[in-house]
Amino acid sequence: MDRIIDAVRQHRDAFDTPAVVVLGEVLRENIARMQAFADGHGVALRPHVKTHKSVDIGRMQLAAGASGITVSDLHQAEVFAADGVDDIFLAFPLWPSAPKAARVRRLLETVDLKLGLDSHEAVDATVDRGLAGVDRLELVIEVDCGGRRSGVAPSAAGDLARYAADRGLEVAGVFTYPGHGWALGAAEGAAHDQTAALAAAASGLREVGIEPRIVSAGSTPTFAWSAAPGITEIRPGEYVFFSMDHCDHGICSPDEIALFVATTVVSAGPGNPQIIDVGTMAIGREVDDRGHYGRIAGGGGAVTRVNEYHGFLDPGESPPHPIGTVLPLIPTHSCTAVQNASELLVLEADGTVDRFPVQQLGPMLAARERS
Ligand SMILES: Cc1ncc(COP(=O)(O)O)c(C=O)c1O
């Protein structure tokens, strides 16, 4: 956190707020540490790039040793494929409509593409779109390990895999996302649920004669327990930046937080709250366990309410900040702050600033751009 406070002290006057700022040194450390963890535990690291949506950061992760990338929609896949990434896992239950199937085909010209899938209907639709037996396309069956989002029961993975294989699709393995690990104190238990679910699903595939080459696990909160026997790869995303929530949950130390939003106190009339120029349009609506949307690095208050463009800053124990003060806000969730930015300002210790474009402004905008 000291490095964030120093950076703001140095650059305060240069920020055109609100701006998403990343400390280059901390970013590189986070990338190297997760890669060392994966290497040391004999699992591949396939980072989820929805966190940063930056081909510059993707290149850093691949150069450090990542085996490929994970994405959550076709637009992310297209952006990174255009930058030369040739091994992509779309870990989302893609419904292969005609336009999406055409895009999958285009991707397959340059990419080894793995598609997540969790239903017999999606298998049928994939076959009906002529994607069976197509080179470079593989399926990874999603199983639910307790997050109750998408995914079949682990005991049903073998049946679905056999069905897909019988219809001419290549099945590479199984994956899960331990989303219930986000709750306070829940990460280790969720990771154990994940290991059990993946083991059951993998043996279900073996029972129907399919050897799972990919047994893929999440995620930043659970990574420390995710390299269990039988798991072949991990897909953390937010570890590149971390966020306040990870810190509160003991997943990272304050010094490992790489991203903050530079914000200005814009209104603080007598009797009125302190207002900053960061609302839901900048950081989204996610709150931490205390109901905060973000906190000022090193003390200085928390954002307790947000409108679209106004953030309500409660200074807490610290004296009120004068109007015009630029502050470093650590958002509760980094991904949503990035989602709303067009670029990341990457600060280096020597004072230089790089600008990394954020390549993706959301699936709906992407769809508009294509039409
Ligand atoms: C399927 C899947 N895999 C991996 C991740 C990465 O999780 P995290 O950002 O917590 O590391 C996510 C995040 O939402 C996900 O949905």
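# Reading backbone and helix features

Reader: Where is the place of arginine 136?

Author: Arginine 136 has its place in the loop between α6 (120-128) and β6 (137-142), where helices (H or I, at least four residues) and strands (E, at least two) are DSSP runs numbered from the N terminus. This is a predicted model, in which local features need pLDDT of at least 70 and side-chain atom pairs count only at pLDDT 80 or more, while totals for chains, interfaces and linings use all residues. Residues are numbered from 1 along each chain as its sequence is written, and side-chain values use heavy atoms, with hydrogens and water left out.

Reader: What is the phi of arginine 136, and is the residue buried or exposed or in between?

Author: Most residues other than glycine have a negative phi, and most peptide bonds are trans. Arginine 136, however, has a positive phi near 75 degrees, and its relative accessibility of 33% makes it partly exposed; buried means under 20% relative accessible area, exposed over 50%, and partly exposed in between, with a 1.4 Å probe and protein chains only.

Reader: Which phi does phenylalanine 242 have?

Author: Phenylalanine 242 has a positive phi near 55 degrees and is found in the loop between β9 and α9 (244-248), and with 3% relative accessibility it counts as buried.

Reader: Which peptide bond at proline 18 is cis?

Author: The bond that joins threonine 17 and proline 18 is cis, with omega about -5 degrees, and proline 18 lies in the loop between α1 (2-11) and β1 (19-23). The bond from glycine 218 to serine 219 is also cis, with omega near -20 degrees, and serine 219 is found in the loop between β8 (214-217) and β9 (233-234).

Reader: How many residues does helix α8 have, and what span should they give?

Author: Helix α8 (residues 187-207) has 21 residues, which at 1.5 Å a residue should span 30 Å, and its end C-alpha atoms are 30 Å apart, which agrees; the expected span is 1.5 Å times one less than the number of residues.

Reader: Which residues of α8 are buried, and what do they pack against?

Author: An α-helix has 3.6 residues a turn, so residues three or four places apart point the same way. In α8 the buried residues include Ala187, Ala190, Ala191, Gln194, Leu198 and Ala201, and the buried residues of this helix pack against α7 (157-166), β7 (171-175) and β8, where contact means heavy atoms within 4.5 Å. Just after α8, glycine 209 takes a positive phi of about 85 degrees.
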